[in-house]
Amino acid sequence: MTHAAALLPLTVAWPLLGAVLLAGPGRWLRRTAADALATAWATAQLALLAGLWAAAGDGRLVSWVAGWTPVDGHSVGIVLAADRIGAGLALLAAALVLAALGYAWRYFDEPETEQGHGGAFPALLLLFEAGMCGFALTGDLFDAFVFFELMGVAAYALTAYRVEEPRPLQGALAFALTGSVAGYCALLGIGLLYARTGELALARIGEALGRQPPGPVAAAAFALIATAMLVKAAAVPFHFWLPDAHAEAPSPVCMLLSGVMVELGLYGLLRVYWTVFSGPGGIPAEVFRTTFLVLGALTALTGAVLCWQQRHLKRLLAHSTVGHMGLFLCAAALLTPAGTAGAALYALGHAGAKAALFALVGVLLDRFGSVDEHGLHGRGRDLVAAGALTVAGALALAGLPPFGTGLGKAVAEHATAHGAPWLLPVFLLVPAVTAGAVLRAALRVFAGAGATPRQRHAGPETTGGGEEPEVRDPSRRVPRVMLVVPALLLGASLAVGLLPGLAHRIAEAAAGPPVPEAEWTATGVLLGLAGAVLAAAMAAAALWGPALKGPAAGAVRAAADRAIVLAVVPLRRLHSGHVGDYVAWLAAGLAALMAVFTLCARAG
């Protein structure tokens, strides 16, 4: 074992130890001291993972914790394995946790006591980080389940951080119950694989399945594990928890949920397929490709439609995440080096842009105690920096060059043109619609654009009005750190698109040799510009279109109203807020995947 590999267990143990210190002795620290300790701890974790990412090189670092190495080819110990893509995702998680901690510096106005008050919030963030890093770096399927659950439990607690209020508790319960069902699915799938192969290490399971003919047991196991990963990835119809959780979670938590946790779900799906099920005894590549291309397109279109119709800004961004996750899934499902590289670049650029946008929505909640696009009309005129950053974030979502989202989108579109050209309109339309919705909201809130919206009677879950401020004094001056952090995150998204060496390393980590081209092309630049122009046109039409007179304008409005009645209203009704409905859709999605994979296994 190399010296670098020996540090692998520390990537999980270090944030766990920090969480213990903050939740234990940290109870007697004042908030400033707890924040400082947590930030220093997260900085050390980031440095550790950066060193491991560099040390992994083109190979893999492997560590058998406590020396429990395999005997006669069989293993019972905990194995951690770091290659460039796994270490890179853990590094992304560490970077966003550090950003969230910096953003949340003195963010919550909690009562001081004579003994100080605890670091509960930063402790939970470090616990969440331990789960994400362990999930990205584990080489054992059962340990992946353990870290999957650790990540989930921390996320549930963070979502319900304001547990004294009913709505955060309701959102966390929906999240937790859906995630718990997903965990049971994963555990059942792991049990089937263990019964079939007698192995738990990912590579060993793949080798054992490769020596067996395809069968319904392996197909059912993949359907169960894929369902668990797709719940975390917020793919349709497993996505219902995500808007509810994002609507109620504190803004720093939303930065992590949309910035890295959903991407880890997609990573888990792909890693399990490539390592375990891509051989002769698993799922044929064509079946996987067709199934997840269709599912990805459905997810992308559903997210875009629901994003456009939202006025609750957190839900708007959450549905935008669903739409973009559909695009990442489509690119990765091509099972080509270019598709995988495009998905990785796109997801990395999106992580910076989306985390920045949630941070900027947090500025509005901090200042006005509301995230209602209509109710905030023109109230953000004095927040010039926040408005400019929000517009930049919207254009990043559209894929405007030179943002990393634009480069990833261009690489993914190039791969799609060769593998599934019917998806190209989806790659153009979905980013434009989601970016147009954000741009519309930004212009309405920060510039007072368009007519004053009519206030319709609707609940706070729909409008975002009546929110509780996340600080005690929403009229205070916005802390500088709450603008510096989103600016740095957008700068990181720009760096992915501007630094060719960085983009090449990311593509190499995701796809391996031969390394696909990860550079700007004339077609990619033109499509990125077209998406940004389309987003701006849609935002302008939404803001100033209703004021237009004449038969043509009336006909367009009538057609839009009919489309809303036929397509949008049924989709919104499905998001009922009832956990039973969400679990029922999860069960329906599992049944569909089970039917597809087991029927194909029998046919094979």
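## Reading the cavities

Visitor: Which elements each supply at least two residues of the lining of the second largest cavity?

Guide: Those are α6 (141-159) and α11 (251-277); helices here are DSSP runs (H or I, at least four residues), numbered from the N terminus. This is a predicted model, where local features need pLDDT of at least 70 and side-chain atom pairs pLDDT 80 or more, while totals for chains, interfaces and linings use all residues. Residues are numbered from 1 along each chain as its sequence is written, and side-chain values use heavy atoms, without hydrogens and water.

Visitor: How should I read "cavity", and how many are found?

Guide: A cavity is a set of points on a 1 Å grid over the protein atoms alone where a 1.4 Å probe fits but cannot get out; lining residues have an atom within 4 Å of a point. Points join across faces, edges and corners, and volume is the space filled by probe spheres set on them. Here, the whole structure holds 4 cavities of 30 Å³ or more.

Visitor: What surrounds the largest one?

Guide: Its space is about 120 Å³. It has 13 lining residues, and Leu 313, Val 361, Thr 390, Val 438 and Ala 441 are the closest to its centre. Two or more residues each come from α13 (313-333), α14 (337-368) and α17 (424-447), with α17 giving the most, 5 residues.

Visitor: And the second largest cavity?

Guide: Its volume is about 90 Å³, and α11 gives the largest share of its lining, 4 residues. Among the lining residues are Phe 135, Leu 202, Met 229, Tyr 267 and Arg 271.

Visitor: How do the lining residues divide by class?

Guide: Ala, Val, Leu, Ile, Met, Phe, Trp, Tyr, Cys and Pro count as nonpolar, Asp, Glu, Lys and Arg as charged, and the others, Gly among them, as polar. The second largest cavity has 7 nonpolar, 2 polar and 1 charged; the largest has 12 nonpolar, 1 polar and no charged residues.

Terms used: 1 Å grid on protein atoms, 1.4 Å probe; cavity = no way out; pocket = protein on both sides within 12 Å on 5 of 7 lines; lining within 4 Å.
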